[in-house]
Amino acid sequence: MMKLAFVTDSGTGFSSEFWKERGIYSLPLQLTIGDKTFSEGENITYAQIIENLHQQVLMKTSLPSLGRIEDLFEQIKKDGYDGVFCVPICRGLSGTLDAMESAASQVGLSFYGFDCYTTAVIQAHCIETAKALYEEGKSIEEIMATLEVIAKHADTIVLCDDLQHMKRGGRLTPAAALLGGLLKIKPLLHVNESTHGKVDVFDKVRTMSRAQDRVVDHFEELNLPPKADITVAHVDSEEAAKKFAAKFRAKYPEATIRVIDLVSAVGIHTGLNALCVEAFDPAGRPVDVYTAENSIQI
């Protein structure tokens, strides 16, 4: 059986050290502030990023440095691996997956990449699931098929208090950017397989309360299973996130529901007070990386 190394990035919200303890490699996405570039989770903290948002400091994100990717893959090759299985932040938001494929080719590693069409919790669950299935002796085809089912029946919804951050970052589709300029309109944005991992509009409402109710209804329309995995993430707006999560708890009493900080690579673009919901069918496999230490269980 081919010896595979499993690789992700900090779009999951976790550091390289966190993943190393779980036998998974992770590379930091880059954050640029002025003329300085930082490695997410290494030389800039989440608290510093939130403070920068409060101070309206312009921050930009980019894929891990190509040198870091190549160095990691060279080390993986030296460690006796035949290939890499990569689940980074999606192609619609970043060039990380393509960069990983290029680096694997240069180093001489077989490459298997999965586009999760989003990031954060779903990305973390996909890389965890892929490694677990590999260790169970499943084939690459079987692993890919399982991940495709997870991604196909998942959605990531973003409720922004202010779309200016998203517009500046260029992550919105033209339609979403146009709606963001209309007064008294709150576009409901989502990122999934149907949007090809890009941020697009699926509905529009006039108040945040209506937006939240519409999101709950949206997942009902998607036939989210009773034992779904639901995460409400926020950018320095924990109490609002808890109240939003309570709406899901009322509808899904058997689901796993948690509240977390929105990963900084996304929060930089959404701005303060944004709420994000990721919901999916975990396919009978619990999402193990979120514990009482890094999330609030609702």
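This is a predicted model: local features need pLDDT of at least 70, side-chain atom pairs count only at pLDDT 80 or more; totals for chains, interfaces and linings use all residues.
Which strand is Tyr112 found in? Tyr112 sits in β7.

With a relative accessible area of 22%, Tyr112 comes out as partly exposed, since buried would need a value under 20%. Setting aside neighbours within four places in sequence, Tyr112 is in contact with Met2, Leu4, Val84, Phe85, Cys86, Ile140 and Met144. Val87 is 25 residues away from Tyr112 in sequence, and the two C-alpha atoms are 8.9 Å apart in space.

Phe114 has its own set of contacts. With neighbours within four places in sequence again left out, they are Phe85, Cys86, Val87, Pro88, Leu97, Cys126, Met144, Leu147, Glu148 and Ala151.

**Helix α6**

Helix α6 runs over residues 140-152, which makes 13 residues. From first C-alpha to last it reaches 18 Å, close to the 18 Å expected at 1.5 Å a residue. Ile140, Ile143, Met144, Leu147, Ile150 and Ala151 are the buried residues here. Looking down the helix axis, they fall within an arc of 120 degrees, so the buried residues line one face of α6. Glu141 and Lys152, on the other side of the helix, are exposed.

What lies over that buried face? The cover for the buried residues of α6 includes β1 (4-9), β6 (83-86), β7 (110-113), α5 (120-135) and β13 (275-280).

In soluble globular proteins, nonpolar side chains tend to be buried together. Here the largest nonpolar core has 57 residues, and those touching the most other members are Phe6, Trp19, Phe85, Phe114, Cys126, Leu147 and Val289. Helix α5 gives the most to this core, with nine residues. There's also a second, separate core of 24 residues, with Phe202, Ala228, Ala245 and Val277 among them.

**Salt bridges**

How many salt bridges does a search of the whole structure find? The count is 14.

| Salt bridge | Closest N and O atoms |
|---|---|
| Glu136 and Arg285 | 2.9 Å |
| Arg214 and Asp203 | 2.6 Å |
| Glu220 and Lys251 | 3.4 Å |

Take the Glu136 and Arg285 pair. Glu136 lies in the loop between α5 and α6, while Arg285 lies in the loop between β13 and β14 (296-297), so the bridge ties together parts that are 149 residues apart in sequence. Both ends are partly exposed: Glu136 has a relative accessible area of 47%, and Arg285 is at 23%.

The other two pairs each have a residue in helix α9 (residues 208-221). Arg214 in α9 pairs with Asp203 in strand β10 (residues 200-205), so parts eleven residues apart in sequence are tied together. Asp203 counts as partly exposed at 25% relative accessibility.

Glu220, also in α9, reaches Lys251 in helix α10 (residues 238-251), so this bridge links parts that are 31 residues apart in sequence. Glu220 is partly exposed at 37% relative accessibility, and so is Lys251 at 43%.

Methods:
Residues are numbered from 1 along each chain as its sequence is written. Side-chain values use heavy atoms; hydrogens and water are left out. Helices (H or I, at least four residues) and strands (E, at least two) are DSSP runs, numbered from the N terminus. The expected span of a helix is 1.5 Å times one less than its number of residues. Buried means under 20% relative accessible area, exposed over 50%, partly exposed in between (1.4 Å probe, protein chains only). The arc is that of the directions from the helix axis to the C-beta atoms. Contact means heavy atoms within 4.5 Å. A nonpolar core is a set of buried Ala, Val, Leu, Ile, Met, Phe, Trp, Tyr and Cys residues joined through side-chain atoms within 4.5 Å. A salt bridge is a side-chain nitrogen of Lys or Arg within 4 Å of a carboxyl oxygen of Asp or Glu.
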